[in-house]
Number of protein chains: 2
Amino acid sequence: MQWLPTGEFDRVLGGITDRHERLRAFSALSRFNTLYMVMKAGSGHLGSSFSAADLVSRLLLDELADVDVLFSSKGHDAPGLYAALIGLGRLEEDLVHRLRRLGGLPGHPDVRTPHMPFNTGSLGMGISKAKGLVLANRMLGLHQRVFVLTGDGELQEGQNYEALGGAVNAGMGELTVIVDHNGIQSDTWVRDVNDLGDLEARFAGFGWAVLRCDGHDFDQIGTAFRQRAEQYAGRPAVIIADTVKGGGCPAFAATSMAPDEWRYRFHSGAPAPEVYERARDELLASADAVVTRNGLAALTPRRSDERPSAKATGPSLPDAYGRALVDVALRDERIVAMDADLVLDTGLVPFMERLPERFIECGIAEQDMVSMASGLAARGLVPFVHSFSCFLHARPNEHIYNNATEGRRVVYVGSLAGVLPAAPGHSHQAVRDVSAVGSVPGLVVVEPAGPQQVRAAVEYCSSTSDSVYLRLVSAPVPPEVVAMDADTSGAAPLEVGRGTVVREGGPTVAVGAGPVVLGQLLLAAETTDLTVVNLPWLNRVDPDWLAGLAARAERIVVVENHYTHGGQADLVARALLELGLAAPPRFHGVGLTEVPACGTSDEVLFVHGLSAARLADVLTRP
Amino acid sequence: MQWLPTGEFDRVLGGITDRHERLRAFSALSRFNTLYMVMKAGSGHLGSSFSAADLVSRLLLDELADVDVLFSSKGHDAPGLYAALIGLGRLEEDLVHRLRRLGGLPGHPDVRTPHMPFNTGSLGMGISKAKGLVLANRMLGLHQRVFVLTGDGELQEGQNYEALGGAVNAGMGELTVIVDHNGIQSDTWVRDVNDLGDLEARFAGFGWAVLRCDGHDFDQIGTAFRQRAEQYAGRPAVIIADTVKGGGCPAFAATSMAPDEWRYRFHSGAPAPEVYERARDELLASADAVVTRNGLAALTPRRSDERPSAKATGPSLPDAYGRALVDVALRDERIVAMDADLVLDTGLVPFMERLPERFIECGIAEQDMVSMASGLAARGLVPFVHSFSCFLHARPNEHIYNNATEGRRVVYVGSLAGVLPAAPGHSHQAVRDVSAVGSVPGLVVVEPAGPQQVRAAVEYCSSTSDSVYLRLVSAPVPPEVVAMDADTSGAAPLEVGRGTVVREGGPTVAVGAGPVVLGQLLLAAETTDLTVVNLPWLNRVDPDWLAGLAARAERIVVVENHYTHGGQADLVARALLELGLAAPPRFHGVGLTEVPACGTSDEVLFVHGLSAARLADVLTRP
């Protein structure tokens, strides 16, 4: 793999005097390093970083005064922003090697990184945050312009429109929104997911000044910024910049997609090695072209000896889920699947292909989706509502409760649950979901550990009369759990509130759910005399079952892929105490106590005390 | 008080042939009964019921086919809708006396009432729910038009705009939104809170067909509906109906407001007796005018001997909070107050008047408000963010967490917390808030019981370095708690995680927080030998303090104004068990296990087992 040191950026920026050529060169160098960073990390958002790269270059090099603020609301384009800031020497050069690593550059922006004023990555919050900054500045007598980059798919989120009116009423001339209008959201074309219609009319309808430009044409970009400043000084303005996802590199450009290709392949994740090499060469060639035609020597990238990060392997629970859902839905005609632009990540492609008439793509609009589910359930259908758990438990939190007060039966399926994968960072690590929905009346929270259990859970979702929150870890299932899952007949119906001893051992009993916790516990049990229990129920426990477990335990430790407050440990502890035993087993809970770190799985499990070694240590301590 | 039996509606509807006269008469009769219902209930939304009354009349009498669906998204106009349905014999006549009573008509719509297809009252969900119904109908081959009434203030909620695009893309000609555009939201004029700008342009910007009419002119209303059907068959359409809040009755009409009056007084709550009498006479006169000019005998209302419901009295915690906030903010210049259109209910009027430069009115846009707080906190200010707890913990749930991941210090103040007042119904009863935010890292949840403790809590919010969720009950503080509050020097700083014995007694120790629980426990203690502990901390408990309490307790019972899952009982139970006592006290939790009922305070505390008598029963049972 190859990357460009900051010295090369210095040389190019110092050596090119033509304004647009300088911007072109800087963008090309930034894209080259962005690709390296994502490749080295093994994941990251290339498409969005590339579509925004020219806008970012123009903003950083020519538009922003020192005092001004720029941030990305979508946050997915963080690698591109990092690469540009490293190129300018505003972030340490060494960080180019540390994307998505512990203590490095998080997968989505975090305020602990210099020049990242806000934590973004959860969509649609940026304009509001910028407004808060503007109001604070006014109170404190500071003069500062605030620039917010948004995606276009992101504009499906309702919060954006909640934010627009107030900015007009406060005459926020300090605020400029730039829409990276690349036409593609997470899965596919925005127009196919939930078309935005006439975007200019949308913004204008809220009273915003609207400008438009080609987001890869520095001439047009410059004109748009100039008009914004000159013609609309006292008003908030949006610049809709038409861009190409993956733009600036034929290998990744959406314009290179085959006519029959519906999925854009470079939204997230690192490319395959051969694609990497092709793209790297394309990027270097285009960068060298600008550099050399401006009289400078060609670039000299450095080589990194390290191999790209190896991906963990193992079965995927969302994939197993998607297969099981199709099978169950073929029998249960009430089932409807709803998705919020994550069909590829939630395992829904088979359902979408097999049962398109019962599939509803809602776009990035979780509140709308969950409230729509009420309407479907009102007619006797059983909506299965999908998103990443980080979004699904939180963005439509009131809506989930509202549905419960109506007595609607809805199945919520939150994938990407828990602390792993840890590379995207805390906006995507759902470690608060059990707490946030666990008290909703009539809603059972269940977390299966392996493919067989996922199938049993889907059967349960179809047959129960309760609503269900299905918590699905997306990290690959480790081999220990695959073996366990095959052993403990996943075909047997799940019994609410009851767990299973999955590893016989001594009087220290470790209780947990899901592949991450059980995987580490089963590993820990190889070096300790531990009894391991799989309790997939996160807000229900059967007192009789628990009494049986307590009778054999000297000590019960609940280990959670969740904050230690508000989850399974609280549930089990309270139920244990309410048993009224004369001498209850000792009790302890292990889980996250701090905002989860970004990094590799091993790094992050270790740092939060959830690795097998650290668990073994805690569990063998007297 | 006076009301009109359904027979009078029958007589009038049967006796008037002119279409518009019939509608006028029906509206007038409905308004008369609406006033009676609200007066008898002692609370309810008159202004919004009256502004929507003519639209509702037209829809119910002339527009809707049997198969069609109408519901109100704002839900505040439920009394008007109920009155009309009772008048048509679609709801039982006896219910006219049972607004906001147990087993009667809830303060906001609930699906358990006939002709109420959805639970509304939490704003901005209606269009989404309607879309779900339309999609379900299409899947099931049903043909049905769906009409959704919204407020205009309600259009500040972002979810509305999340919903609009999808309806266009799906060509939802079945869907019609009617905006009851009365220009006033909860507190005051929409234009002063967060102006909507050109509302027609907003909807048109999303691709909706837009029609406009005078919402009190049946000619214009009829034209709008006809045009909607004839000209825009395959598209979703909105009818913006310009109305007068409190319209149809001079006593309540916003057009009667004095020029210097900023607050509309009849948004919620029953009028004073003399206002009632004036309005009743006005309404009867205008109804009789229509009836008699159409050749029918004057109306003969029935008298109800009952007095209007007496209001509970006692200090208001939001009022005490508002005074304390001003005092603390005069010393602590970092404090900024943010409000979501509930300045009158959250105690913020003194702050707004005294420190207007540090007051930010956000409108009904909780997500925008909470994300803006991040921007303010980023500049070192300390935002105090206000709404009803039912909305504040849930609508911006992800945003509260996002702020926490940034390490922002924000104080969230959720008033109207808990099960009382129970008259508005479950959309407004926040009994899940502790669970939903309790696991947010660095966020301390505290619930003071009396005015002195509220002041201490505000001091704590100013001096701590943590973020705080201040849970404020809005029901009047009962005398037992006022006395307790005066005794246990509220001026002393609160110590995190530690409670106070507020009533010495026997070895059964009841633990709780807030005026509702402590009020009932102190009452229960008058007939039982109970020790009562005030533990205002809902997600923190000090193990040393708890060990001291456990040493004197044979039994600990935690009583919660919250669902029994995910709140203080879980917290205390787990901490007790983790103390590792050889023989821990017996433990039990009492709280809500079902969606809270709507009714009077006494009815609802009893039915959920939280009344003093029922608590005494549980606490004395062996």
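Me: How much area do chain A and chain B bury between them?

Reply: The size of an interface is often given as the accessible area lost when the parts come together. Here buried area is the accessible area (1.4 Å probe) that two parts lose on being put together, summed over both. In this predicted model, chain A and chain B bury about 8000 Å² between them, with 54% of it on carbon and sulfur atoms. On the side of chain A, the residues that lose the most area to chain B are A:Glu162, A:Arg574 and A:Leu577, together 10% of what that side buries.

Me: On what basis are the residues and chains labelled, and which atoms and residues are used?

Reply: Residues are numbered from 1 along each chain as its sequence is written, while chains are lettered from A and ligands numbered from 1 in the order in which they are written. Because the model is predicted, local features need pLDDT of at least 70 and side-chain atom pairs count only at pLDDT 80 or more, whereas totals for chains, interfaces and linings use all residues; side-chain values use heavy atoms, with hydrogens and water left out.

Me: How many residues does each chain bring to the contact?

Reply: Contact means heavy atoms within 4.5 Å. The contact takes 99 residues from chain A and 99 residues from chain B.

Me: How many salt bridges and polar contacts cross between the chains?

Reply: Side chains of opposite charge can pair when their charged atoms come close. The rule for a salt bridge asks for a side-chain nitrogen of Lys or Arg within 4 Å of a carboxyl oxygen of Asp or Glu. Across the interface of chain A and chain B, this rule finds eight salt bridges. One of them joins B:Asp570 to A:Arg574, with the closest N and O atoms 2.8 Å apart. A polar contact is a pair of N or O atoms within 3.5 Å; within protein, one must be able to donate a hydrogen and the other to accept it, and residues adjacent in sequence count only if both atoms are side-chain atoms. Between chain A and chain B the count is 62 residue pairs in polar contact (both at pLDDT 80 or more). The side of chain A that touches chain B divides into 44 nonpolar, 33 polar and 22 charged residues. For these classes, Ala, Val, Leu, Ile, Met, Phe, Trp, Tyr, Cys and Pro count as nonpolar, Asp, Glu, Lys and Arg as charged, and the others, Gly among them, as polar.

Me: Which domains does chain A have, and how do they meet?

Reply: Domain bounds come from an automatic or database domain assignment. For chain A the assignment gives domain 1 (2-303) and domain 2 (317-619). Their C-alpha centres lie 36 Å apart, and 27 residues of domain 1 are in contact with 26 residues of domain 2. Together the two domains of chain A bury about 2100 Å², 52% of it on carbon and sulfur atoms. In domain 1, A:Leu102, A:Glu157 and A:Asp187 lose the most area to domain 2, together 27% of what that side buries. The rule finds one salt bridge across this domain interface. A:Glu157 also meets A:Arg395 in a salt bridge (3.2 Å, N to O).

Me: Why is helix 4 of chain A described as largely enclosed?

Reply: In helix 4 (residues 78-87) of chain A, 10 of the 10 residues are buried, so the helix is largely enclosed by the rest of the structure. The cover of these buried residues includes helix 1 (6-15), helix 2 (19-41), helix 3 (46-63) and strand 2 (69-72) of chain A. Just after helix 4, A:Gly89 takes a positive phi of about 75 degrees.

Notes: Buried means under 20% relative accessible area, exposed over 50%, partly exposed in between (1.4 Å probe, protein chains only). Helices (H or I, at least four residues) and strands (E, at least two) are DSSP runs, numbered from the N terminus.
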